[in-house]
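Subject: Model handover

Hi,

Here is the structure I promised to pass on. Please load it next to this email while you read.

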Amino acid sequence: MMEAEAPTHSERSEDTTPSTSSTSGQGEDGPKTKKASLKRTTSKPTNAKAKKRKKARVSRPVPLGYTVHQGEDMLLVISSSTSQYHGSAWTPPKKGSKKKKLTKGKGKASQIKKKTTVRPKPKVANNPVVKEKEDTNLFVPQKTTDDRWGQSLPEEVLVSIFQMVVVQDGAVPFLCRVGRVCRLWNAAASSPVLWRKVTVGHCWIAPGKTQLPKTEMKIKETFDWMAQNRFSQLRNFSLSHWKKNVTYAVEVVSQFCPHLRSLKISYCTGLAATAFHSLGLHSQSLQGIDLQYSEFQVEGLLEYLENHGSQIKQILFTHGIKNDRLLSAITKGSCPDLELLEVNTKLDSKDCELPVFIHALQMACPKLKTFRMLNVRPLHKTMRNSADSTLGFPLLEELCIATTSCSYMTDKDLWDILFGSTRLRVLDLRGCSRITPSGLSSLPCLELECLFWGQYFCSNVGLSKPKKELHMVTQKWSRTLQQLDIANQLFSEEDLEIAMSHLAQASEADTLHSLNLSGTRITPPALRPVIGQTTALSYLNLSSCRYLPRGIKRIYRGQEDIRQLLDKL
């Protein structure tokens, strides 16, 4: 114990020495430091001071760039390079590294003075602030550019960009989503120009599920808001796969969209007569109604056509027992300015026969340009008091009588429809196996561009008699034909070779760009000239052609692919 006390006494004398020297040099502060030194000798035992000295010496070395932590069975080395004090002149003090406070006899004023003078908080506050300024100088401009690149664009540019997306993907839900980005994008997405064509499908509920009352109320509120704030310039509106609120949606659109021109309701149910009544009151610009594959009240539509049918130019509906009354109303003259008439049915439908009074329809709709009967077998009927001196369809440009089954249409039936159609451009006769080349060549149209005459899904294709004189068709329209489809037509090899030679020798050989010869008896000698001369040909179907080599019986797309075929023939 005596050996341990000796060094402590020497250390005590070392501590008192600078204090006495300071008293001799400072004047007024001399007595205070002297009292402090006396109290220091009696305040705590010597062992505590020895521990204090050891802790102070440990804190002196320069801190390392890592920290070691001891676990149960391993050592963890944690790097401190990412610390906020790395590279700084000041490091955070550790426990026990601070100098011990002076004697307890000092007043509170001296302790406060010690904290303000000795404590290095000003340095801690200054260094991080400087570092934050450096960080802000580095990252703030990047953040501002990231946040403001969309805000710096003119609104007209954003509207043009949104317009491209709307044309491809539709207005809903794209515009609803981008409108939540910022105020500028919301203003651009709210432009009425972008909301001229809107299609609303499954936006709130999945198909086949029932709607709760809260969901139904939310649907109505959202639809009301969109109609009042977005649909001011709406032109074309389409609603699909709705089982409820169809009538409500049509009524709201008709009330808040004075410029509505086209209404399409597909795969919907529950369209009541009140919706058509609202259309008659508010939609004075409505010109097209598409109700295909939808259930609606036929009486309401018949009443609307009787009162406002003069403004309708396009009608599309699905064949059915009740819906066929629409065609009889049209033939009676309810839509004198009708330009497009389309009647279709489902592919799996068994009842496809549709009675059509062609002469009455020609008299009632002299401005008809497009007449389509898809998967429907028209039964031509004549009226007793019908006039024989009708002009037919003088403005007709497209006639489609395609069917998945065998059609009973003959050359005479086709002539009764097209005897006055000199402007015909598209003729679709797929499934009409009774039409002959001579019947086609006798038609008055001289500039036919598309002829679809393939036989598909017909059970008696193999039992049909071989046809002849295909060259009469290709010779008449070789100058204007752009698409030709004669799939599964049983023409002989010689007849096909003559017909292809007319296509190849046409003066304007660059018109033909699609040729379907699938299932025919085409041969390599007949195919070689048409491929070599028609430079615009980009689609060629040679699948299931028996008289061609096995390696080339496929579909060719692109001019380069067809040119490689020419080397194999």
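Predicted model: local features only at pLDDT ≥ 70, side-chain atom pairs only at ≥ 80, totals over all residues.

Residues are numbered from 1 along each chain as its sequence is written, and side-chain values use heavy atoms, with hydrogens and water left out.

**Strands**

Strand β4 (residues 236-240) runs parallel to strand β5 (residues 262-266), with 5 bridges between them. Helices (H or I, at least four residues) and strands (E, at least two) are DSSP runs, numbered from the N terminus, and two strands pair if DSSP finds at least two bridges between them. Phe237 has Leu263 of β5 as its bridge partner, and Leu263 in turn is partnered by Ile289 in β6. β5 and β6 (residues 288-290) are also parallel, joined by 3 bridges.

With helix α10 (residues 246-256), β4 and β5 form a right-handed β-α-β unit (clockwise from the first strand over the helix to the second, with the strands pointing away from the viewer). From β5 the chain then passes through helix α11 (residues 273-282) to β6, in a β-α-β crossover that is right-handed too.

**Salt bridges**

I used a side-chain nitrogen of Lys or Arg within 4 Å of a carboxyl oxygen of Asp or Glu, and that rule gives 9 salt bridges. One of them joins Glu299 to Arg325, with the closest N and O atoms 3.3 Å apart. Glu299 sits in helix α12 (residues 298-308) and Arg325 in helix α13 (residues 324-331), 26 residues apart. Glu299 is partly exposed at 44% relative accessible area, and Arg325 is partly exposed at 38% (buried is under 20%, exposed over 50%, partly exposed in between; 1.4 Å probe, protein chains only).

Arg430 and Asp428 also pair, at 2.6 Å from N to O. Here Arg430 is partly exposed at 30%, whereas Asp428 is buried at 5%. Salt bridges with shared partners also tie Glu342, Arg372 and Glu398 into one network.

Glu447 and Arg425 form a salt bridge at 3.4 Å, N to O. Glu447 lies in the loop between α16 (437-441) and β14 (450-452), Arg425 in the loop between α15 (411-418) and β13 (426-428), 22 residues apart. Glu447 is partly exposed at 37%, and so is Arg425 at 25%.

Cheers
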